Amino acid sequence: MHVTSEQRLDDGVLEREFTLGEIPGTLWTPPASAAPVPLVLMAHNNGLPRADPRLVARARYTAARGYAVATIDAAGCGDRPRSAADEQARAELRRAMRAGEPVDDIFESFIGPLVENAVPEWRTTLDAVLGLPEIDGPVGYSGGWTALGIRLAVVEPRIAAAGFFAGGYVPRAQREEARQVTIPLLFLLQWDDEGNPRQRALDLFDSFGTKEKTLHANPGGHTGTPWFELEDGCRFLDRHLK
């Protein structure tokens, strides 16, 4: 893990940019703590950079609450180039959406491989960040990339709790894997999300195998999640990671 820059922010949170080979990432840690702090992995997708203001605001808020927060750019996101196949799939997706055609098969064609490729990178990141003396488990997952979170919750035993946002396409493979998710779960749903059919999100919530799962539904579109859900999300993490 190579730290490329470091700055102490005005809220006392330490922000570090790092690289792991070709993987760029950011780590936020709280003001000085006498004991190692828990870790939250905060993932994003849809080409968003890890410097997206909404993600940074969530990360800084969570770090100020006593957590280390790590994020990386997945392939095709932020600073990382998109492959020709990804560009073609995205172009086809835009064409189909403009024409009002079904898009599930197009989503499957590129989101499924993105998840498969991202999981090893996130596990490598987890290894590196947990190697720092000021950070310890347990580990939580929080982010809008629900498909990745499902896979990590199934294959990564160090993750003890997860918060998912029902705002993106979840491939069929991860919808099946949802039955294997047994950790505590908080699931956020925007009731009027124009890009995510409500019934599909409710069916996914019903599929999760955990005995401890909570659904928070709020009116509004994709980016209209109320700010208080961030506070509630941190209380959820507090219950399971501290």
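Reader: Which residue in S6 does Ala43 stand opposite?

Author: Before I answer, note that this is a predicted model, in which local features need pLDDT of at least 70 and side-chain atom pairs count only at pLDDT 80 or more, while totals for chains, interfaces and linings use all residues. Residues are numbered from 1 along each chain as its sequence is written, and side-chain values use heavy atoms, with hydrogens and water left out. Strands here are DSSP runs of E with at least two residues, helices are runs of H or I with at least four, and both are numbered from the N terminus; two strands pair if DSSP finds at least two bridges between them. S4 covers residues 37-43 and S6 covers residues 135-143, and the residue opposite Ala43 is Gly143.

Reader: In what order do the nine strands of the open sheet lie?

Author: The pairing in this open sheet is mixed, and its edge strands, S1 (2-8) and S9 (213-218), each pair on one side only. Neighbouring strands are turned by 20 degrees against each other on average, direction ignored, where the axes are lines fitted to C-alpha atoms (for helices over the stretch in contact) and angles run from 0 to 180 degrees between N-to-C directions. The order of the nine strands is S1-S2-S3-S5-S4-S6-S7-S8-S9.

Reader: Is Val37 buried or exposed?

Author: Val37 has its place in strand S4, and the residues it touches include Tyr67, Ala68 and Ile135, not counting residues up to four places away in sequence; contact means heavy atoms within 4.5 Å. The terms follow relative accessible area, with buried under 20%, exposed over 50% and partly exposed in between (1.4 Å probe, protein chains only). Because its relative accessibility is 7%, Val37 counts as buried.

Reader: Why are the buried residues of H2 on the same side, and which helix do they pack against?

Author: H2 covers residues 84-99, and its 16 residues reach 23 Å from first C-alpha to last, close to the 22 Å expected at 1.5 Å a residue, the expected span being 1.5 Å times one less than the number of residues. Its buried residues are Asp86, Ala89, Arg90, Leu93 and Ala96. They are on the same side of H2 because they cover an arc of only 125 degrees around the axis, an arc being that of the directions from the helix axis to the C-beta atoms. The face turned away from this side carries the exposed residues Ala84, Gln88 and Arg98, whereas the buried residues pack against helix H3 (104-130).

Reader: Which side chain does a polar contact of 2.7 Å join to that of Arg151?

Author: Arg151 has its place in helix H4 and counts as buried because its relative accessibility is 12%. Not counting residues up to four places away in sequence, Arg151 touches Val115, Glu116, Val119, Gln174 and Glu177. A polar contact is a pair of N or O atoms within 3.5 Å; within protein, one must be able to donate a hydrogen and the other to accept it, and residues adjacent in sequence count only if both atoms are side-chain atoms. The side chain joined to Arg151 by this contact belongs to Glu177.
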